[in-house]
Amino acid sequence: MGANERWMQIIEVLCRRRQDTMKNLAFEFGVTERTIRNDINILSLSYPIETIRGNGGGVRIMDCYKLNQKYLKPEQEELLRRLSIQLSGNDLAIMNSIIKDFALKA
């Protein structure tokens, strides 16, 4: 299995489990914990992944994140919020629903 395939499988596993340990992921994918740490560092540049330090720590993906759903980039969300100031009525409601459905909630 190549790195790209492993990365996608790690994301799929995290989306199912929401959280796991580096040790368990390393065992499951047949690589070292250092490799998993490197993988997580790379994935965290594109996905809302957070590492948890300490005993029992590991890695988790943001609760609201769903695989294969499109999300607004922060600058896209900011633009829509600025534009929505000029809207009212049904147009404002539609804009707010777009932001609600596609903004990645922290």
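A residue counts as buried when its relative accessible area is under 20%. The legends below describe close-up views of a predicted model.

**Figure 1. Glu77, a buried residue of helix α4.** Helix α4 covers residues 74-84, and Glu77 is part of this helix. The relative accessible area of Glu77 is 18%, so this residue is classed as buried. Leaving aside residues up to four places away in sequence, Glu77 touches Leu72, Ile99 and Ala103.

**Figure 2. The open sheet of three strands.** The sheet is open, and its 3 strands follow the order β1-β3-β2 with antiparallel pairing. Strands β1 (19-20) and β2 (49-52) stand at the edges with a single partner strand each, so one side of each has no neighbour in the sheet. Strand β3 comprises residues 58-61 and pairs with β1 in the antiparallel sense over 2 bridges. In this pairing, Gln19 has Arg60 of β3 as its bridge partner, while Asp20 has Val59 of β3. Strands β2 and β3 also run antiparallel and are joined by 4 bridges. Within β3, Ile61 is the residue opposite Ile49. In a regular strand, side chains alternate between the two faces of the sheet.

**Figure 3. The largest nonpolar core.** This core has 17 residues, of which Ile36, Ile40 and Ile49 touch the most other members. Helices α1 (3-17), α2 (22-29) and α3 (33-43), together with strand β3, each supply at least two of the core residues. The greatest contribution comes from α1, with 5 residues. Ile40 touches Ile10, Leu14, Met22, Ile49, Thr51 and Val59, when residues up to four places away in sequence are not counted. Another core lies apart from the largest one; it has 5 residues, including Leu72, Leu80, Ile99 and Ala103. In soluble globular proteins, nonpolar side chains tend to be buried together.

Figure 4. Is Asp39 buried or exposed? Asp39 is buried, with a relative accessible area of 3%.

**Figure 5. Arg18 in the loop between α1 and β1.** Although Arg18 is not a glycine, its phi is positive, at about 75°. Most residues other than glycine have a negative phi. The loop that holds Arg18 lies between α1 and β1. With a relative accessible area of 21%, Arg18 is partly exposed.

**Figure 6. A network of salt bridges that links Arg17, Asp20 and Glu28.** The model contains 6 salt bridges. In one of them, the side chains of Asp20 and Arg17 meet at 2.5 Å, N to O. Asp20 is buried, with a relative accessible area of 11%, whereas Arg17 is partly exposed at 36%. Arg17 also forms a salt bridge with Glu28, and the closest N and O atoms of this pair are 2.8 Å apart. This second pair links distant parts of the chain, since Glu28 lies in helix α2 and Arg17 in helix α1, 11 residues apart. Glu28 is partly exposed, with 36% relative accessibility.

**Figure 7. The salt bridge between Glu50 and Arg60.** The side chains of Glu50 and Arg60 meet in a salt bridge of 2.6 Å, N to O. Glu50 belongs to strand β2 and Arg60 to strand β3, so this pair ties together parts that are 10 residues apart in sequence. Glu50 is partly exposed, with a relative accessible area of 40%. Arg60 also counts as partly exposed, at 34% relative accessibility.

**Figure 8. A nonpolar patch on the surface.** Which residues form this nonpolar patch? The patch consists of Ile94, Ile98 and Phe102, which together have about 230 Å² of accessible area. Ile94 lies in helix α5, which spans residues 89-102. The relative accessible area of Ile94 is 42%, so this residue is partly exposed.

Definitions and conventions: Residues numbered from 1 in each chain as written. Predicted model: local features only at pLDDT ≥ 70, side-chain atom pairs only at ≥ 80, totals over all residues. Heavy atoms only, no water. Pairing = 2+ DSSP bridges. Buried < 20%, exposed > 50% of the residue type's maximum accessible area, 1.4 Å probe, protein only. Contact = heavy atoms within 4.5 Å. Core = buried A, V, L, I, M, F, W, Y, C linked by side-chain atoms within 4.5 Å. Patch = residues over 30% accessible without salt bridge, like charges linked within 9 Å, V, L, I, M, F, W, Y side chains within 5 Å. Areas by Shrake-Rupley, 256 points an atom, 1.4 Å probe, with all protein chains shown as cover. Salt bridge = Lys/Arg side-chain N within 4 Å of Asp/Glu carboxyl O.
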